[in-house]
Amino acid sequence: MKKRTTKNRRIKVVVTVLAALCLAEGFFLYRAYWGAGDTMRMVQKIRKIERTIDKYYKGDIDEEKQEEYTYRGLIAGLGDQYSDYYTAEEYEQLTQSSNGVYSGVGITMTQNSENGEIRVVNTVKGSPADGSGLKKDDVLIKINGKALKSDDQLDDVVQKIKGKEGTKVTLTFQRGDTSKDYTFTRKSIENPTVETKMAADGIGYLSISEFDEVTVDQFEEGVEELKEKGAKSLIIDLRDNPGGLLSAVVDIADDILPKGKIVYTKDKNGNTKYYNAEDDDELGMPLCVLVNGDSASASEILAGAVKDRDAGTLIGEKTFGKGIVQGFFGLGDGSYVKLTYSSYYTPSGKNIHKKGITPDITVKDDEDTKADEQLQRAIKELKKE
């Protein structure tokens, strides 16, 4: 915790506010009606808040956190849930996540929202944790001998488990009344975003959990594996897929569609950018795509392209409806802002933001049964081909 004199802190906060106003080049150009007097009014109000804090606030003051929240406040003031501010460390972690490759031990975990327990979901094949004996629902209770607290957040715990390749980490898990230490040597792990299986005779099934950089190769390898197993038609499952990288979904759509439009974007100035399938190579087999209310963003780009180009049949429930695009803009010190900067349109010119895509065949998921009615309907449709 850093403490400084009131004078020094006031100077720094005022400088922080002025710097925050210039976070990105031209950030306030659209607010041209603001004059110098208005800017000074803001600075003076900040200084009044500072003096009030100095006079009445009893706790310690963390100036670095105050500065960080000044930046976050500017972005939060946009009222856009998809825009955000990232410190250099946060951006590095985010980039690692979207790459689909990280250095860790290969344990997928989830956190109980009621008691905060962090439990094992599964282990990644070929990872240090693979074959360790960990089972689903084992509870993580310690990292390197230090006990977890009930208010520890999953993201923070995961970052502690990750680390430089070749280094060791000891994790303690509890199963029932017994606990056990597991010591792993961290290694580079590719996040499995694609899973495949044969759904029926001649029908391959391929699910995509998210669109990362590694997803394109995993998709292409998955399709080839299914073909080798005798697949003559394909089901692509995009249910519960929240999206991901635009570049990844465009490359996958290019593998499925013949030459032509995939998606296009339009920014606030009306500038349009087209993303097209560049050759006549295509999937070459009957296709069904499964979607639901949690299929969003990049998932909807793929679903919309397949539907508009008549490349397959959409089955399931109406999609989420996120038809806007975010980009990252560097601030020169390693930090970034993520801003919504354009909207995207399906090949037929539809923007589905807050509307979603209605499937060709609507099949609701019945949570009271174990049968996957949506998958079974896709199998039925493909058997007609």
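This is a predicted model: local features need pLDDT of at least 70, side-chain atom pairs count only at pLDDT 80 or more; totals for chains, interfaces and linings use all residues.

Visitor: How many helices and strands are in the chain?
Guide: The chain has 9 helices and 19 strands. Its C-alpha trace spans about 75 × 60 × 40 Å along the principal axes.

Visitor: What share of the residues counts as buried?
Guide: Of the 385 residues, 39% count as buried. As for contacts between residues at least 6 apart in sequence, 66% of them join residues at least 24 apart.

Visitor: Pockets next. How much space lies in the largest pocket?
Guide: About 1600 Å³. Its lining takes in 44 residues, and Tyr102, Ile107, Thr108, Asn191 and Glu210 lie nearest the centre.

Visitor: Which elements give two or more residues to that lining?
Guide: Helices H4 (88–99) and H5 (154–161) do, along with strands E2 (101–104), E3 (107–111), E4 (118–123), E9 (187–190), E10 (194–200) and E11 (203–208).

Visitor: Which one gives the most to the lining of the largest pocket?
Guide: H5, with 6 residues.

Visitor: How much space lies in the second largest pocket?
Guide: About 980 Å³. It is lined by 35 residues. Ser98, Gly243, Gly244, Leu245 and Phe328 are the ones nearest its centre. The elements giving two or more residues there are H4, helix H7 (246–256), helix H8 (298–308), strand E17 (324–330) and strand E18 (336–345).

Visitor: Switching to rings. How many aromatic pairs does the count come to?
Guide: The count comes to 9 aromatic pairs. One of them is Tyr86 with Phe328: the ring centres are 5.7 Å apart and the planes stand at 55 degrees, so the pair is tilted.

Visitor: Where do Tyr86 and Phe328 lie?
Guide: Tyr86 is in strand E1 (residues 84–86) and Phe328 is in strand E17, so their pairing ties together parts 242 residues apart in sequence.

Visitor: Is each ring residue buried or partly exposed, and why?
Guide: Tyr86 counts as buried because its relative accessibility is 13%, and buried means under 20%. Phe328 has 35% relative accessibility, so Phe328 counts as partly exposed.

Visitor: What about Phe329 and Tyr341?
Guide: Their ring centres are 6.2 Å apart and their planes are at 90 degrees, so this pair is edge-to-face. Phe329 sits in strand E17 and Tyr341 in strand E18, so the parts tied together are 12 residues apart in sequence. Phe329 is partly exposed at 34% relative accessible area. Tyr341 is partly exposed too, at 36%.

Visitor: Which residues form an aromatic cluster?
Guide: Tyr86, Tyr91, Phe328 and Tyr336 form one.

Visitor: Which charges sit over rings?
Guide: Lys197 has its charged end over the ring of Tyr205, 5.0 Å from the centre. Lys266 lies over the face of Tyr345, 5.5 Å from the ring centre.

Visitor: New topic. Where is Leu234 found?
Guide: Leu234 is in strand E12 (residues 233–237). With 1% relative accessibility, Leu234 counts as buried.

Visitor: What is Leu234 in contact with?
Guide: Leaving aside neighbours within four places in sequence, its contacts include Tyr205, Leu206, Val223, Met285, Cys288 and Leu382. Leu234 and Ala378 are 144 residues apart in sequence, with their C-alpha atoms 9.3 Å apart in space.

Visitor: Last one, H8. How many of its residues are buried?
Guide: H8 is mostly covered, with 9 of its 11 residues buried. The buried ones are Ala298, Ser299, Glu300, Ile301, Leu302, Ala303, Gly304, Ala305 and Val306.

Visitor: What covers them?
Guide: The cover includes H7, strand E13 (260–267), strand E15 (287–291), strand E16 (313–316) and E18.

Visitor: And which residue with a positive phi follows H8?
Guide: Asp310, with phi near 55 degrees.

Definitions and conventions: Residues are numbered from 1 along each chain as its sequence is written. Side-chain values use heavy atoms; hydrogens and water are left out. On a 1 Å grid over the protein atoms alone, a cavity is a set of points where a 1.4 Å probe fits but cannot get out, and a pocket is an open set with protein on both sides within 12 Å along at least five of seven lines; lining residues have an atom within 4 Å of a point. Grid points are joined across faces, edges and corners, and a volume is the space filled by probe spheres set on the points. Helices (H or I, at least four residues) and strands (E, at least two) are DSSP runs, numbered from the N terminus. Rings of Phe, Tyr and Trp (its six-membered ring) pair if their centres lie within 6.5 Å; planes under 30 degrees apart count as stacked, over 60 as edge-to-face and the rest as tilted. Buried means under 20% relative accessible area, exposed over 50%, partly exposed in between (1.4 Å probe, protein chains only). A charge sits over a ring if NZ of Lys or CZ of Arg is within 6 Å of the ring centre and within 35 degrees of the ring normal. Contact means heavy atoms within 4.5 Å.
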